[in-house]
Amino acid sequence: MDRHWFSDRLIAWYRLNGRNLPWRDTHDPYRIWVSEIILQQTRVVQGYDYYSRFVKRFPDVEALAAAEEDEVMKCWQGLGYYSRARNLHAAAKEIVAAGRFPVGFQEVKKLRGVGDYTAAAICSFAYGMPCAVVDGNVYRVLSRCLGIDAAIDTSEGKKVFAALAEELLDKERPAEYNQAIMDFGAMQCVPSSPCCVSCPLAEVCVAFRTGKVGSYPRKKRKTKVTDRFFNYMYVCAGAHTFIHRRGPGDIWQNLYEFPLVESEKELSWDGLSARAEFGRLLQGVEIGAVRVVASGVKYVLSHQIIHATCYEIVLSDSGAELPGFRKVAVADFEKFPVSRLISRFFSIVLKPEI
């Protein structure tokens with residue numbers, strides 16, 4: 001394929017159809033970095049508002065580095081993949097300590113949470129460097145146009161696409177080209193039912209000419225999904241409730257949550273209250289009342305499906321304590337960063353019963 005023809009077609013399409021996004025109006029590497037981290041696992045339509053709130057609260061790397069982690073996590077709440085926020089915060093401190101934002105692909109790539117794609121995006125958008133981006137949109141466009149059978153979830157396939165992306169990159173207009181091919185994949189060459197008849201690349205697209213658009217890009221493996229069963233307890237002691245911070249090495253690390261018993265299957269209240277873990281959590285307190293807040297709630301993550309139930313447990317003694325848990329005023333609960341699931345349960349708890 002002729003590189004100049006390909007880039008000219010993409011950029012012409014982009015100038016007519018490209019999305020107007022706030023991080024495209026700047027060459028500030030900090031703001032571009034923040035936007036790219038947000039968009040790593042997030043659709044633009046969802047990430048837009050998060051980006052706006054995040055840079056308003058943390059307008060520069062110094063402000064982010066100086067913030068408490070809980071505040072950063074609270075600002076990120078609901079966006080998911082929270083390791084991104086932790087890495088962003090830690091990297092901000094390293095950047096401030098170094099005295100400047102890194103320059104150059106290898107230097108940028110050393111930042112926590114930054115891989116080849118993000119480093120290429122930052123370098124091309126902030127510094128105009130000829131670094132080709134390869135994300136899901138680029139995989140789709142290139143695999144369909146060129147009919148590439150290499151699986152994108154293998155090291156061999158990734159090398160093939162990285163080499164092709166570099167070969168086709170418009171080195172005179174790297175930032176505009178990269179934005180163009182990503183927007184083209186997100187808006188024109190979409191995963192399902194793309195409008196191929198109006199596509200400016202249709203005349204060279206192998207997938208279109210062979211009727212195999214839905215077959216690209218190819219993957220070798222299917223993602224294994226694990227089912228987990230969470231039994232949460234919103235424990236109420238007068239105007240207070242109990243929370244703790246989740247530890248490292250699992251989902252929602254460093255976010256707060258209610259007391260939890262994880263089980264191997266869904267449990268009834270009788271089944272939950274008979275568990276040894278339940279007895280240890282509520283040891284020495286008297287339960288006055290119990291109600292189901294929500295049951296059988298399915299929360300889907302990339303590699304896990306959480307089946308969650310939440311109970312409200314009212315203690316007879318408003319002065320009771322739960323060892324290992326932080327006792328907080330219900331009115332202050334929303335100050336703490338929590339998962340979207342916990343936030344959902346808390347909002348149900350606060351709804352008046354009809």
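Visitor: What does Lys 327 count as, at 24% relative accessibility?
Guide: This is a predicted model, in which local features need pLDDT of at least 70 and side-chain atom pairs pLDDT 80 or more, while totals for chains, interfaces and linings use all residues. Residues are numbered from 1 along each chain as its sequence is written, and side-chain values use heavy atoms, without hydrogens or water. Buried means under 20% relative accessible area, exposed over 50% and partly exposed in between (1.4 Å probe, protein chains only). With its value of 24%, Lys 327 therefore counts as partly exposed.

Visitor: With which residue does Lys 327 form a salt bridge?
Guide: A salt bridge here is a side-chain nitrogen of Lys or Arg within 4 Å of a carboxyl oxygen of Asp or Glu. The closest N and O atoms of the pair that includes Lys 327 are 3.9 Å apart. The partner is itself partly exposed, with a relative accessible area of 48%, and its name is Glu 321.

Visitor: How far apart are the closest N and O atoms of Glu 277 and Arg 275?
Guide: Glu 277 is partly exposed at 26% relative accessible area, whereas Arg 275 counts as buried at 19%. The two form a salt bridge, and their closest N and O atoms are separated by 3.3 Å.

Visitor: How many residues apart in sequence are the parts that Asp 250 and Arg 228 tie together?
Guide: Asp 250 and Arg 228 form a salt bridge whose closest N and O atoms are 2.9 Å apart. Asp 250 lies in the loop between β2 and β3 (256–257), and Arg 228 lies in strand β1, so the parts that the pair ties together are separated in sequence by 22 residues.

Visitor: Which residues are linked with Arg 228 in a network of salt bridges?
Guide: Arg 228 is buried, at 13% relative accessibility, while Asp 250, at 31%, is partly exposed. Both belong to a network of salt bridges, in which Arg 228 is linked with Arg 246, Asp 250, Glu 257 and Glu 262.

Visitor: How many of the 12 residues of strand β1 are buried?
Guide: Strands are DSSP runs of E with at least two residues, numbered from the N terminus, and β1 covers residues 226–237. This strand is largely enclosed by the rest of the structure, because the number of its residues that are buried is 10.

Visitor: Which strand is joined to β1 by 11 bridges?
Guide: Two strands pair if DSSP finds at least two bridges between them. β1 pairs in the antiparallel sense with β4 (residues 260–263) over four bridges, and likewise in the antiparallel sense with β2 (residues 240–245) over two bridges. The strand that runs parallel to β1 and is joined to it by 11 bridges spans residues 304–315, and this is β6.

Visitor: Which residue takes a positive phi near 65° in the hairpin of β1 and β2?
Guide: Ala 237 stands opposite His 240 in β2. The hairpin has two residues between the strands, and the one with the positive phi near 65° is Gly 238.

Visitor: Which strands each supply at least two residues of the lining of the second largest cavity?
Guide: A cavity is a set of points on a 1 Å grid where a 1.4 Å probe fits but cannot get out, and lining residues have an atom within 4 Å of a point. The lining of the second largest cavity includes Phe 229, Asn 231, His 307 and Thr 309. Asn 231 and Thr 309 are also bridge partners, the latter in β6. The strands that each supply at least two of the lining residues are β1 and β6.

Conventions:
1 Å grid on protein atoms, 1.4 Å probe; cavity = no way out; pocket = protein on both sides within 12 Å on 5 of 7 lines; lining within 4 Å.
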